[in-house]
Amino acid sequence: MARNSSSRTLTFTLTIIIIIITIISSSHQPLALNHTPRFFGKFASSTSTIPSNSQPQFDFHYETKFFQQQLDHFSFSNLPTFPQRYLINTQNWVIGSGPIFLYCGNEGDILWFAQNTGFLWEIAPKFGAMVVFPEHRYYGESVPFGSKEEAYKNATTLGYLTAEQALADFAILVTDLKQNLSAIHCPVVLFGGSYGGMLAAWMRLKYPHIAVGALASSAPILQFEDIVPLETFYDIVSNDFKRESSTCFNYIKQSWDEIESKGQSSDGLELLTKTFKFCQKLKSTEELTDWLESAYSYLAMVNYPYPSEFMMPLPGHPIKEVCRRIDESPAGSSILDRIYEGANVYYNYTGEAKCFELDDDPHGLDGWNWQACTEMVMPMSCSKESSMFPPYEYNYSSFEEDCFKNFGVKPRPKWITTEFGGHNIHNALKNFGSNIIFSNGLLDPWSGGSVLQNISESIVSLVTEEGAHHIDLRASTENDPDWLVEQRATEIRLIQGWISDYHQTHKAVFDM
C-alpha cells in the first residue's frame with residue numbers, strides 16, 4: 001500500500017523570514033491569463049522566526065507516505081503509475097470506528113496546506129479521527145513521469161492534470177487506506193479550502209458512497225461561464241478597499257494612468273524601478289501593474305482580523321494598514337509614492353527587504369496555468385465604474401489564443417459545469433445532494449462565486465460579513481472574534497451529525 005514512510009513534526013509558530021517574490025514577467029504570463037487570479041500567491045513567504053501571540057503554537061505529527069496511483073483512471077491503457085504523497089496521522093484515531101478526516105489537496109505543496117489548516121488538526125482528537133492530507137497530482141512531490149520537467153513537457157504529459165483525475169486519486173487512496181487499516185466502517189469526512197474546497201464539494205457529489213460529508217470553505221464552484229457577473233471578483237476586492245477609505249480607493253484608481261504615463265517617458269521604466277525599489281529594471285509597465293493588482297487581490301483574500309503569514313507576514317486587518325499608509329503619506333507625496341507605501345505592507349511589512357526580486361512560485365503552483373487553460377476557465381472583467389482596477393473586458397478569443405500559444409490546447413469553458421454542475425445549482429443540489437457546508441467570508445473576493453444561501457437542511461451556507469479566505473480552516477488563536485468561534489462550533493456540530501447518522505444507519509443495517 002505505502003512506501004518510503006518517514007516521521008516528521010510541524011510546528012505552528014509565527015515566524016518571519018522575508019522572501020520577497022514577485023509575479024512572472026509578462027513574457028511568461030499572457031495578459032488574458034493575468035485577469036484570472038490564482039487562488040494562492042505566486043510570491044508568498046513560505047516560512048518564518050519571530051513568535052506572535054496572535055498565531056497558535058502547537059505541535060502536530062504526521063507520517064509522510066507515498067501511494068502508487070494510476071496515471072489515467074478513465075482508460076485501460078497500460079500507462080505508468082506515479083507516487084502520490086500523502087501525510088497521515090493516526091495518533092488520535094479510534095481504530096475501526098473513528099472517522100477519517102481527508103483534506104482535498106490544492107494546487108501546491110501539500111505541506112503548505114497542512115500547515116495552514118489548523119482547524120482540522122485541532123478537532124481530530126475530539127472526534128478520534130485519522131487525518132489524511134493527500135497531495136494533488138502534478139504538485140509538490142506527486143509528479144508523474146519521474147520529474148517535473150518531464151511531466152510539464154507538453155500537452156500530452158500534462159493531459160492527466162485534471163480535477164476529475166485528482167478526485168479519483170483521493171477516492172482510490174482513501175479506499176485503499178480503509179481496506180488496509182481495518183477502517184472499512186469508518187466514515188470519511190472531506191475538508192478543503194479554495195480550489196481544495198471545490199474538490200471537497202465535488203467529491204461529495206461524485207463519490208457519496210465514499211464520503212459522508214464535506215466542508216467546502218471559500219469554494220467558488222459558481223465562478224464559471226456567466227453564472228455570476230464577470231466583474232464580481234474585482235468588485236469585491238475594490239469594495240474591501242473602499243470600505244476602509246474612499247480616498248485610498250481613489251488613489252489606487254488614479255495610479256494606473258500615472259504608471260502608464262510615467263512608463264512612456266524616455267527614462268520612465270528606470271524611474272518606476274527606483275520608485276518601487278525593484279532589484280532589476282522593469283521591462284514594461286505591465287510588470288508593475290500585475291505586481292500591484294496581485295498584491296491588492298491577495299490582500300483582500302487574507303484580510304484576516306489578526307496577524308498572519310499565510311501569503312506574507314501581515315498585520316491584522318492588512319487592508320486598513322495599506323490604506324492608512326497611502327492616505328497618511330507626507331504632504332507633497334506623489335500618487336506613486338503613496339502606492340509604493342501601500343504595496344510595501346504586503347511585500348515588505350517587516351521592512352527587511354532592500355529591494356524586490358523578480359522570482360516565481362515558491363509553493364509549486366505552476367500547474368494552475370494549465371488547469372486554467374483547459375477546464376478551470378473562470379472568466380473575469382473589471383468594470384470602469386465600481387472597480388479600482390483598470391477597465392478590462394473579458395475576451396474569450398484572446399484567452400483561447402494565449403492558451404493555444406502557451407500549451408497547444410483550446411480551453412473547454414463549459415466542461416466544469418457539465419461535469420459537476422453549476423447552473424441552477426439550488427434546484428440541482430436540493431434534488432440529489434446532501435451533507436455539504438459551504439462556508440464563506442464576504443471580504444473574500446472568491447465568495448462571490450460560491451454558494452451563499454442554504455439549499456436544504458443538509459446543504460448549508462455559513463456566511464460571515466467579516467470573514468476572509470477560508471479563515472474557518474485556519475488554526476484558532478486567542479484573538480479569534482466571536483463570530484469565528486461560533487462558525488467553527490456550528491461546523492463541528494454539523495460534522496458530528498453526519499458521523500452520528502452514519503453510525504446509526506450502519507448499526508441498523510448490521511442489526512438487520
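1. The core. The largest nonpolar core has 150 residues, and W202, F241 and Y296 touch the most other members. Helix α11, residues 285-301, gives this core nine residues, the most of any contributor. A nonpolar core here is a set of buried Ala, Val, Leu, Ile, Met, Phe, Trp, Tyr and Cys residues joined through side-chain atoms within 4.5 Å. Buried means under 20% relative accessible area, exposed means over 50%, and partly exposed lies in between (1.4 Å probe, protein chains only). Helices are DSSP runs of H or I with at least four residues, strands are runs of E with at least two, and both are numbered from the N terminus.

2. The model. This is a predicted model: local features need pLDDT of at least 70, side-chain atom pairs count only at pLDDT 80 or more, and totals for chains, interfaces and linings use all residues. Residues are numbered from 1 along each chain as its sequence is written, and side-chain values use heavy atoms, with hydrogens and water left out.

3. Y296 in detail. Which residues does Y296 touch, not counting those up to four places away in sequence? They are V237, F241, I252, W256, I339, M388 and F389. Contact means heavy atoms within 4.5 Å.

4. Disulfides overall. A disulfide is a pair of cysteine sulfur atoms within 2.5 Å. By this rule there are three disulfides. Count the bonded cysteines along the chain, and the pattern reads 1-3, 2-4, 5-6.

5. C248 to C323. These two cysteines form a disulfide, S to S 2.3 Å. The torsion about their S-S bond is about -70°, so the disulfide is left-handed. C248 lies in helix α9 (residues 246-263) and C323 in helix α12 (residues 318-327), so the pair ties together parts 75 residues apart in sequence. Are the two partners buried or exposed? C248 is buried, at a relative accessible area of 0%. C323 also counts as buried, at 2% relative accessibility.

6. C279 to C355. Here the S to S distance is 1.9 Å. The link joins distant parts of the chain, 76 residues apart: C279 is in the loop between α10 (268-275) and α11, and C355 is in the loop between α13 (335-348) and α14 (367-374). The torsion about the S-S bond of C279 and C355 is about 95°, so this disulfide is right-handed. C279 counts as partly exposed, at 25% relative accessibility. C355 is partly exposed too, at 33%.

7. C373 to C403. This disulfide has an S to S distance of 2.0 Å. C373 lies in helix α14 and C403 in helix α15 (residues 396-407), so the pair ties together parts 30 residues apart in sequence. The torsion about the S-S bond of C373 and C403 is about -80°, so the disulfide is left-handed. Both C373 and C403 are buried.

8. C104 counts as buried, at 0% relative accessibility. C186 is buried as well, with a relative accessible area of 0%.

9. A cavity. Which residues line the second largest cavity? They are Y103, F113, N116, T117, H470 and L473. The lining divides into three nonpolar, three polar and no charged residues. On a 1 Å grid over the protein atoms alone, a cavity is a set of points where a 1.4 Å probe fits but cannot get out, and lining residues have an atom within 4 Å of a point. The volume of the second largest cavity is about 40 Å³.

Key:
On a 1 Å grid over the protein atoms alone, a cavity is a set of points where a 1.4 Å probe fits but cannot get out, and a pocket is an open set with protein on both sides within 12 Å along at least five of seven lines; lining residues have an atom within 4 Å of a point. Grid points are joined across faces, edges and corners, and a volume is the space filled by probe spheres set on the points. Ala, Val, Leu, Ile, Met, Phe, Trp, Tyr, Cys and Pro count as nonpolar, Asp, Glu, Lys and Arg as charged, and the others, Gly among them, as polar.
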